[in-house]
Amino acid sequence: MSILNEREILRRLLIDRDVVVTPIVDLATQLGPTSLDVRLGTRFQAQKRSALPYIEPLQDETALRADIAAYTQDYVVLPTDPYVLHPGDFALACTLEFIRLPADLSARLEGRSSWGRLGLQIHSTAGFIDPGFAGVITFELSNLGKVPIPLYPGLRIGQLCFYTGQPSAIPYRSKKLTKYAGQIAPMGSAFYLDPEYKAIRHEQQAEKERTSDAILD
Amino acid sequence: MFEEATATHPADAAAVAMSAAFCEACERLIFVRVLLEDPRHQTRRQGSAVTRLLREGLRGVERQLEATRPIVFGPGQRSSESAPAAIGLAVTALRQVHIQLGLLGTRWPLGTADLFIRKLVAEGLPVTVPTICPTNQYDDTATEVGESFRNRLAATGLVVKSEAQDTPILTIPTMDLIDPLSWATMLYPLAASMVEARGIAAQLRRPSSIDSAAYRRVCTAGFAARLVGESTFAARAARTLLDRLSGAEGCTDISLLAVASQQFAKPISPKCGTTVAEYFDAILATQAVLARVWGVTRVDAPLPVTAAEWEDVDQFLKAELRDPLLPTPDEAEALFELLCDGRPINAMPPKLPDDFGERLDASVDAERFYDVLQYANERPCSLATILTVGWRYKVRRSYGLCNELMSGGTSWRAAIDALSGHVLERCSLLQQSIEAAYVQQVFSRWRDS
């Protein structure tokens, strides 16, 4: 596995065209020795206070989605109006760029130090981009600093590094369980779709049946 | 399919008109279903009961369309007289479901629709950024909300004066918030408010020409056509297809807009000389024939505008507004292929010199590398380009897929779900295209200044 340098990135983008990153606004500013800066998009999903004690993942999916909707709020922001991330706040956002990777390339998303020094964290878990991924990349924005940070669409808040490897047999969209494939806006967590919850529900149901059988006996 | 639309055989043309109307009805069904599936409704007490009620209504619409499917697409159905009424019934019911969306009490965010007209302004067009309001009504508004509101008050005897610097207020049906191609319907009342605010009709009108209100409508059509080309006509024509079948008047001045749009119309594909404007014009003309034969729809008589009057309006508007920023045929086809590939069409790929590869390989130092980069940036697409290619994609791919699914042996559920996936992906890609192009334009304009 090796990391692509700036000329290799450019070759894959513009000559081979198997890597898609669009729009490319200003390569001279965005391209680094082994990275490509990515920009903030216009869509945000903020979390708001609600009366929910917690999100129960084992409940009916309609009720679950309603609970999630109760504590999230979606925004579309103009390029000249900021989304202000206050200290301690968390919000989802996404890249301005639509990105698509071939089966032999993966990418890693990292923050840029200019923003890190203000306390802006752009992801906690969304840093790895699988081969075959297509869509916008989600930012998991947190403000760990002490001052509110105004975030305008178009700002370069992240950078991608690209890694080559052997072509994957199960690129992202071919994987058995892909919850966020093809997204063009920040999607809230779909943790409740994990198959482990089906196993837990199954076991809970089995326990109930065992308990009622014992009572009848 | 496009050649059939302009065919002279009435049965073929009628079949194309009905299949296009059926496709439009299916898309509207899909959009209302997405709205009802929004989990935010369940966060309010009245949400569950109202959602259940509206879902019942929507299931009724779906059953009606399912029953209509063999009438429109079955073999030997080309001369079916019952198709218009059957589709019309589904659309009338869907309008009722849409009207009752207000009972949900949900605040519908504008999302990318708010960026739509701002992008036009950012491209240098002399239009005022309007206030956009979602509405549960589905009636056409040819005039801006403020003007029609003041007219209604005046009809009651109460005269309310407008302020000179009023922001135009436009409405958009809630279900259309999902579909960027439908947003172009707003450009007609926007054009009407611009024509009124600038007194264009009063400046141009000759003493012997049609009356002033009619002349204003001609100017509005000309202005609207210049904003994004034939996409405004296509959006209003697609809506009129359904409106007329459900007994509503349909978009006013559709024939004026068709004439004004022709000069900006381009072929749907390299293999088909028909333009999107001609395609919908032929379908609407077929509907007019159907109206006379079967008495299902109402069609207004066209306004008697002379060629000289059109020429006057066009010459004046040329000085006021540049031509719409439309793609060349090669650009349109390249962007169309991107959409087919599941990619947004926010930017034109860079035009690279033939020896770009060699130059890149030779760029072993910073100076030579940055020299190579000057060729590599993308150019943001104009709104007219995005909509033009979007409409071509809808006519070629979306209508094509709907015909294929509904004509084949696929079950109704499988067919509508497959169509839904395709249509919603199209809408998402076009929304992403508009957002990204708008932001890119802001930065590109600064960089190039």
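How many salt bridges are there between chain B and chain A? I count 3 salt bridges between them, taking a salt bridge as a side-chain nitrogen of Lys or Arg within 4 Å of a carboxyl oxygen of Asp or Glu. I looked up one pair by name: A:Arg100 and B:Asp341 meet through their side chains in a salt bridge, 2.5 Å from N to O.

Notes on the source: this is a predicted model, where local features need pLDDT of at least 70, side-chain atom pairs count only at pLDDT 80 or more, and totals for chains, interfaces and linings use all residues. Residues are numbered from 1 along each chain as its sequence is written, chains are lettered from A and ligands numbered from 1 in the order in which they are written, and side-chain values use heavy atoms, with hydrogens and water left out.

**Entry: the interface**

I went for polar contacts next and found 11 residue pairs across the interface of chain B and chain A, both residues at pLDDT 80 or more. For me a polar contact is a pair of N or O atoms within 3.5 Å; within protein, one must be able to donate a hydrogen and the other to accept it, and residues adjacent in sequence count only if both atoms are side-chain atoms.

Which element gives the most to the side of chain B that touches chain A? I find H19(B) there, with 12 residues. Helices here are DSSP runs (H or I, at least four residues), numbered from the N terminus.

I also noted the contact, meaning heavy atoms within 4.5 Å: chain B puts in 43 residues and chain A 37 residues. The two chains bury about 3400 Å² between them, 64% of it on carbon and sulfur atoms. That buried area is the accessible area (1.4 Å probe) that two parts lose on being put together, summed over both.

**Entry: the rings**

I get 10 aromatic pairs over all chains. My rule pairs rings of Phe, Tyr and Trp (its six-membered ring) if their centres lie within 6.5 Å; planes under 30 degrees apart count as stacked, over 60 as edge-to-face and the rest as tilted.

I picked B:Phe280 and B:Trp391, an edge-to-face pair at 5.6 Å centre to centre with 90° between the planes. This pair links distant parts of the chain, 111 residues apart: B:Phe280 is in helix H13 and B:Trp391 in helix H18 of chain B.

Last, I wrote down one aromatic cluster, formed by B:Tyr279, B:Phe280, B:Trp391 and B:Tyr399.

Terms used:
Helix = DSSP H or I, 4+ residues; strand = E, 2+ residues; numbered from the N terminus.
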